[in-house]
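Trainee: I would like to go through the labels used for this model and ask what each one rests on. Please show it first.

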Amino acid sequence: MKVPQAPTEVKLAVAVDVTKMCHFSKILLLVFGIISLPVSAQTKRAKFSVSTTKKYPQKGEIIQLVLEAQIFPQWKLYASERQVSPGPKSAYLSIQPQAGFRLVGGLVSVNPQKSWDSFWKGQVVYFEKKARFTQAVQILHSDTQLTGKIIYQMCNTNNSACVQYQDSF
């Protein structure tokens, strides 16, 4: 008994479906790759803690907001000072405005390192291992709450890979 063969058109349809499935699989891989990229790229290389110089400030007092970071080995965190241009982005604060306080001056880097950087082709100001920033704040109402984030750039000292991060407080 002879086994009937499937018509050529059916084989073509199956081939087209396989092609579509391969194309669909590639799209899925691309989409999942893009979705997972920010998660792996956003692995923090510094851990920030935030405090103030006075726990219960009074109206009219100027206190210091203190931001300290523990930096992973082989990473640099760039300071708030102006950097070589083009170059790494300086750290800065984004604080939600409120009537209860007023910022006095700008973000200050405490004891950063300065050196010539061959990748940026200029002098850069940065921290390794530990970073400390301060921001003077005048308290206008004693029951105010300060919220915001520090935005900063870090680069790997081995391969010059750079990533911008932000930590909320």
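Trainee: Where is glutamine 74 placed?

Mentor: In this predicted model, glutamine 74 sits in the loop between strand 2 and strand 3. Its phi is near 70°, a positive value in a residue other than glycine.

Trainee: What makes serine 160 count as partly exposed?

Mentor: The cut-offs are again under 20% for buried and over 50% for exposed. Serine 160 has 26% relative accessibility and therefore counts as partly exposed. Serine 160 belongs to the loop between strand 9 (148-156) and strand 10 (162-168), and its phi, near 65°, is positive in a residue other than glycine.

Trainee: What is the omega of the bond that joins serine 85 and proline 86?

Mentor: Omega is about -5°, and the peptide bond is cis. Proline 86 is in the loop between strand 3 (75-78) and strand 4 (92-95). Most peptide bonds are trans, and most residues other than glycine have a negative phi.

Trainee: Which residues have the most contacts inside the largest nonpolar core?

Mentor: They are Leu77, Phe133 and Tyr152, in a core of 26 residues. Strand 2 (residues 62-71) gives the largest share of this core, five residues. Another core, of five residues, lies apart from it and includes Tyr78 and Cys155.

Trainee: What does leucine 77 touch?

Mentor: Leaving out residues up to four places away in sequence, its contacts include Phe48, Ile71, Phe133, Tyr152 and Met154.

Note on methods: Residues numbered from 1 in each chain as written. Predicted model: local features only at pLDDT ≥ 70, side-chain atom pairs only at ≥ 80, totals over all residues. Heavy atoms only, no water. Core = buried A, V, L, I, M, F, W, Y, C linked by side-chain atoms within 4.5 Å. Buried < 20%, exposed > 50% of the residue type's maximum accessible area, 1.4 Å probe, protein only. Helix = DSSP H or I, 4+ residues; strand = E, 2+ residues; numbered from the N terminus. Contact = heavy atoms within 4.5 Å.
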